[in-house]
Amino acid sequence: MAPARRSLVVLGHGMVGHKFVSAALDRGLTAGWDITVLGEESRPAYDRVALSTVFAGSSAEDLSLLPDGHYPDPAVTLELRAQVTGIDRAARSVTLADGRVVAYDVLVLATGSYPFVPPVPGREAENCFVYRTIDDLDAIRAAAADATAGAVIGGGLLGLEAANALLNLGLTTHVVEMAPRLMPLQVDEAGGAMLARHVRSLGVQVHLGASTEAIVADERGRVAQLLLKDREPLDIGVLVFSAGIRPRDELARACGLDLGERGGVVVDEHCRTSDASIYAVGEVACAGGRVYGLVAPGYSQAETAAEAIAGGARPFHGADMSTKLKLLGVDVASFGDAFATTPDALELTYADPITQVYKKLVVSADGTRLLGGILVGDASAYLTLRPLAGADIPLPPNPENLILPAREGGAVGIGPAGLPDEATICSCENVSKGEIVHAVADGGCTSVPDIKGCTKAGTGCGSCVPLLKTLLEHELTKAGVTVSKALCEHFAYSRAELFDIVKVTGARSFSDVLSSHGTGRGCDICKPVMASILASRHNEHVLDGERGSLQDTNDHLLANMQRNGTYSVVPRMPGGEVTPDGLIAVGQVAKEFGLYTKVTGGQRIDLFGARAEQLPLIWKQLIDAGFESGHAYGKSLRTVKSCVGSTWCRFGVQDSVGMAVALELRYRGLRAPHKLKSGVSGCARECAEARGKDFGIIATEKGWNLYVGGNGGATPKHAIELARDLDDETLIRYIDRFLMFYIRTADRLQRTAPWLEALDGGIDYLKEVLVEDSLGICADLEADMAKHVASYADEWAATIADPEKLKRFVSFVNAPNTPDPTITFVDERGQIRPTREGENGELRIVAGPTLKVGAV
């Protein structure tokens, strides 16, 4: 006779509750257990870590951890909107709000936490919110539509995320923090000060050491003012509380389970509570006297509890509380003993107020072991530094080089071979380097997806994936396995090798290269790459012949597609220089076609909201006014930013505008593996932010200093000096060489910063190749650039002159003169913007002039 099936009940279906069920399924628990999951929300578990992406267009479905709404195993039942009101430990049952009673043999509490709302008078006013669920965010977005300003009480991790949300909703945003610095639990005083500089530079008003006294509502009962002690009141229409969390332990408290001194259900190393039949995991559990407020420890506890219920042992002895986040566009990381609490610990710090970067390493008294650290503004070293914290591995002789900017000789780093096997690579899933090495050496893993499937590393936040790839390649190479650099399944060559093939054979089409050096029909990877290579080599129109079918979405219509299916128009303004007549022309076009206008960080004007069929009409008028394509849609040169230099500024030592204009006109339309940006500063004050660009130029009394390999974006990098005190001619010659060498040798979608980092020998090698001509290729590189400059033609002017190219600019192929009825707008701050989910917008049809095909 088969043994009776047992009942396992899980209270809560958040991220940790879902992780527990997944861990139970992995261990085959459903062979003898029926699992019932009772979730209070109306949605299955979703990624709360990525909650703020809702404001960037993500839907609830995008965030869902269980898109189908149910588990594949029929022994698992998920009930939503199921509110549990009590636990009867004697009867081993739980009671629901609808009166039902569900029996259990083992109960798992995964009820999480709730946002703490401080007892501020007036907190009941309308438009006061917490920042916890998708429903909360929907309510904040609705309230923001009728407000001009908002505030967040709390300057921690979640508070800054909430502030970013309010900022993106178009509100004047305030952050009110009682502590003397932002993120007081993660960064020190200096790091907090640098973070505050970043946040304030984005227009957020930061109030530190501020105590909230009251919330004042208007006659409608809506929040109108926030009163601060000894400070001016803040006029606001939206208020978000982000003052920490508290464990949802009320059910445990009512049934008599042991609780921690500051809340949370006390658990042992197996996540078992004071009742042997009840477990607790996640933010409701108090393990070792501590409630963990991060996802990674909760995931580890879920694994521990599932293992214990399955009859095994996987003790939970604490968790890595390291964090790496991008808050308001600023990289912030904290790991290990970040506050130097270890006796006799030493602190190594680097601070650059110009680039707003702060880095601190905490090392042992003898300087040989890394204990922890803080990174603000540039957290690119986090992946390799975090595993070293607390590990018994010696640091390099000069550990300060781990955080100092790269300079001659390259930065000092610790590669994968230097990490100990016990070093944690994936903190979300608690996967060590040793486990990954074992998966490659003994588990047959030969790709990052293989490693994810085998170890689950990289399946959480994903920040460790670059390190996984590096480890994988290192271990395969060590084992004598050739690491494939094939572009895709159709080409057994890297992008650089394909570039050389095109150069040597003179191939002018994708079909030629595919038939002679590839297989199959090509794919979404190799087609755009080959289109870029062919454009770089021959500088022919990207829409000519078969090249038009190789392009991705943006190149296909020579415009950037926006979130609502419209396109942006960006005319080139070399060096940021534009005449009054030019400005008037742009304004007239925007007004005639009803476009949204915005000045960009690259010193141009973006026009948003154009439908596909309007693009040629708009560009015809811009070209007639003397403009040309700004190539904002292509992997090519975008802008060369400049300050006013010696022409106007009393500190300028060279004509930065003149140089920027010359460079932008020289390199316009240059197709590359990724976008290119540049800047020219007229003095060392660096107003053009040249060292944050792919190639940047800073004026000196003697000429120009050239910096390469910098970029902003998700992983900002400071450009490194290639040469100094150059005259105009030498400067341009070195830039020609740099750009063409990058275009020849970089991987697909590889920006100049990671390309430079990947070069054996780094900046020293680059100097040998480009300055000393160690490979004897500089004349060839210069000739390639001269060919590009001589053959440049404006893509949009050529498009308007070609009836065949114009045929693609329609919303509907079978109804070319019909506008897309799904594209609607609303008015905001005197301009249009796309409608959001749930809004009623208008279809704006602007007829515009008629374009005579073939005439420019």
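Here is a short tour of a predicted model, stop by stop.

Before you click, local features need pLDDT of at least 70 and side-chain atom pairs count only at pLDDT 80 or more, while totals for chains, interfaces and linings use all residues. Residues are numbered from 1 along each chain as its sequence is written, and side-chain values use heavy atoms, with hydrogens and water left out.

**Stop 1: the cysteines.** Cys-271 is buried at 0% relative accessibility (buried means under 20% relative accessible area, exposed over 50%, partly exposed in between, with a 1.4 Å probe and protein chains only). Now jump to Cys-778: it is buried too, at 1%.

**Stop 2: two loops with positive phi.** Most residues other than glycine have a negative phi. Select Met-183, where phi is near 45 degrees. Met-183 sits in the loop between β11 (172–177) and α5 (189–201); helices (H or I, at least four residues) and strands (E, at least two) are DSSP runs, numbered from the N terminus. Next pick Asp-230, with a positive phi of about 60 degrees, in the loop between β14 (223–228) and β15 (234–235). Buried or exposed, these two? Met-183 is buried, with a relative accessible area of 1%, whereas Asp-230 is exposed at 75%.

**Stop 3: helix α9.** Select residues 433–441 and colour Lys-433, Ile-436, Val-437, Ala-439 and Val-440, the buried residues of α9. Look down the axis: they fall within an arc of 160 degrees, so they line one face of the helix (the arc is that of the directions from the helix axis to the C-beta atoms). Then show what they pack against: β26 (424–426), β27 (431–432), α10 (448–455) and α11 (465–478), with contact meaning heavy atoms within 4.5 Å.

**Stop 4: α20 against α21.** Select 656–667 and 728–745; these helices pack at about 35 degrees, with axes 12 Å apart. Axes are lines fitted to C-alpha atoms, for helices over the stretch in contact, and angles run from 0 to 180 degrees between N-to-C directions. Show side chains for Met-659, Leu-663, Arg-666 and Tyr-667 in α20, which meet Asp-728, Leu-731, Ile-732, Ile-735, Asp-736 and Leu-739 in α21.
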